[in-house]
Amino acid sequence: MSTAAIRPLAAERLADAAALHALCFDTPWDEPALARLLAMPGTFALAVVDAGEGAPLSGFILVRIAGGEAEILTLAVVPPRRGQGLGRRLVEAAAATALAGGAAALFLEVAEDNEPALALYRRLGFREVGARPGYYARGQTRIAARVLKLDFGATSLS
């Protein structure tokens, strides 16, 4: 397990977050897009930062709280650091922040072929509540999204 710190994503690290997002997704969000999302009411981002001034981001999560529910907008972990528990730590920290912010549940959408992510979310207690056919574009191919939900009253992430 990594000892890297999880802390709020600082505005001056948005370019780093955008670069990380580009490593992880076929349709990445650039720095202005991330800034617009973070400016929305109820939105927060947490990052995994290794020790040291100016250390690279190893991962980040972007979440929005509205109407008593929270939604993970994106979760990215740099490829060499996957499988080390960083994604789990980010989801757990985001869930705790969302719960403290008044959310009763946490939702997300994940590509149906992203088995590592699906396995992580299932281990954390998320359950499938819907699907969005053709939600993600991968070149000429469209991939369905699974809609997952974690009810905070029904489960503990500890």
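Predicted model: local features only at pLDDT ≥ 70, side-chain atom pairs only at ≥ 80, totals over all residues.
## Where H1 meets H2

Let us start with two helices. H1 covers residues 14-24 and H2 covers residues 31-39, and their axes come within 8 Å of each other. The crossing angle is roughly 115°, and H1 and H2 are therefore roughly perpendicular to each other. The crossing is right-handed.

On the H1 side, the contact is made by Leu14, Ala15, Ala17 and Ala18, while H2 brings Glu31, Leu34, Ala35 and Leu38.

Ala22 is partly exposed, with a relative accessible area of 42%.

## Two aromatic pairs

How many aromatic pairs does a search of the whole structure find? The search gives 2. One of them joins Tyr121 and Phe126 in an edge-to-face arrangement, at 5.4 Å centre to centre and with 65° between the planes. Tyr121 is buried, with a relative accessible area of 5%, and Phe126 is likewise buried, at 5%.

Tyr135 and Tyr136 form a pair too: their ring centres are 4.9 Å apart and their planes stand at 90°, so this pair is edge-to-face. Here the surroundings are described by other values. Tyr135 has a relative accessible area of 38% and is partly exposed; Tyr136, at 25%, is also partly exposed.

## Leu120 in helix H4

Helix H4 runs over residues 115-123 and includes Leu120. Is Leu120 buried or exposed? With a relative accessible area of 11%, Leu120 is buried, because buried means under 20%.

Leaving out residues up to four places away in sequence, Leu120 touches Gly87 and Arg88. The C-alpha atoms of Leu120 and Arg88 are separated by 7.0 Å, although these two residues are 32 residues apart along the chain.

## Glu71 in strand S4

Now for a strand: S4 takes in residues 69-77, and Glu71 is part of it. At 22% relative accessibility, Glu71 counts as partly exposed.

Which residues is Glu71 in contact with, leaving aside its neighbours within four places in sequence? They are Leu62, Val63 and Arg64, together with Leu106, Phe107 and Glu109. For a distance to another part of the chain, take Cys24: its C-alpha atom and that of Glu71 are separated by 19 Å, and the two residues are 47 residues apart along the chain.

## Ala137 in strand S6

Strand S6 spans residues 127-138, and Ala137 is found there. Ala137 counts as partly exposed, at 30% relative accessibility.

Not counting residues up to four places away in sequence, Ala137 touches Asp26, Thr27 and Arg142. Val91 is 46 residues from Ala137 along the chain, and their C-alpha atoms are separated by 24 Å.

Conventions:
Residues numbered from 1 in each chain as written. Heavy atoms only, no water. Axes fitted to C-alpha atoms, helices over the stretch in contact; angles between N-to-C directions. Helix = DSSP H or I, 4+ residues; strand = E, 2+ residues; numbered from the N terminus. Parallel < 35°, antiparallel > 145°, perpendicular 65-115°, else oblique. Left-handed = near helix turned anticlockwise from the far one by under 90°. Contact = heavy atoms within 4.5 Å. Phe/Tyr/Trp six-rings, centres within 6.5 Å; stacked < 30°, edge-to-face > 60°. Buried < 20%, exposed > 50% of the residue type's maximum accessible area, 1.4 Å probe, protein only.
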